[in-house]
Amino acid sequence: FLQPALLIPFAIGRWLDVACAVVLLFALRRSKDITNIRIYISVKVFFTGAIIAAMMPYLTDYYYIYTLGFSLVFWTSGILLVWPLRYQIAILTTILLFNTGLHLVLQDGPWSLQNFVGSMFYLFSAGFIVCGINFVRHRLERRAFSASYELKLRNEELDRALTELKATQD
């Protein structure tokens, strides 16, 4: 741990995040509805982001290292999840607003405005790039699905035509 004085509260936050993951994993395994699955995943992404955002205002040193870790919430949600862009924008905006709100509420914390502004520029640009990645990937996967479905229909049509051709030759 980089901030020994914050070992206990930061460890509690991390364990809460793990507990949230376990609970949501069971919910995900039982859910068959895509909307519910997206909601569960959004809750997990937000919860992880909120835990890290709650750590940020208390940091005296290593602010940028934690910012890099914080950005992993953005990167993984954009790279691992294929969902409509509106979900990605909503969850990342919510996390950034939550982070900003915590910094405003905890103005007496050891954080500096310079670190916060630099961190937000990085997180915003990471979020912007992630949304671009998400948009392109979602569109490519939809095109691939549509192309494979069209190919399936053409193959079925070809199969019927071959069957009819064989029937006329017999």
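Let's start with helix α4 (residues 85–105) and helix α5 (residues 113–169): their axes come within 9 Å and cross at roughly 170 degrees. The axes are lines fitted to C-alpha atoms over the stretch in contact, with angles from 0 to 180 degrees between N-to-C directions. Angles over 145 degrees count as roughly antiparallel, and therefore α4 and α5 are roughly antiparallel to each other. This is a predicted model, where local features need pLDDT of at least 70 and side-chain atom pairs count only at pLDDT 80 or more. Residues are numbered from 1 along each chain, and side-chain values use heavy atoms, leaving out hydrogens and water.

Who touches whom? With contact meaning heavy atoms within 4.5 Å, the α4 side includes Leu85, Ile89 and His103, while the α5 side includes Phe116, Met120 and Phe135. The residues of this contact divide into eleven nonpolar, six polar and no charged. Here Leu, Ile, Met and Phe are among the nonpolar types, and Gly counts as polar.

Now for the rings. A pair of aromatic rings is described by the distance of the centres and the angle of the planes. Rings of Phe, Tyr and Trp (its six-membered ring) pair if their centres lie within 6.5 Å; planes under 30 degrees apart count as stacked, over 60 as edge-to-face and the rest as tilted. The count comes to five aromatic pairs, including these:

| Pair | Centre to centre | Between planes | Type |
|---|---|---|---|
| Phe70 and Phe74 | 5.9 Å | 90 degrees | edge-to-face |
| Trp83 and Tyr87 | 5.6 Å | 15 degrees | stacked |

Phe70 and Phe74 both lie in helix α3 (residues 63–80), four residues apart, or about one turn of the helix. Both are buried (under 20% relative accessible area, with a 1.4 Å probe and protein chains only). Trp83 counts as buried too, at 2% relative accessibility.

Technical notes. Helix = DSSP H or I, 4+ residues; strand = E, 2+ residues; numbered from the N terminus. Parallel < 35°, antiparallel > 145°, perpendicular 65-115°, else oblique. Buried < 20%, exposed > 50% of the residue type's maximum accessible area, 1.4 Å probe, protein only.
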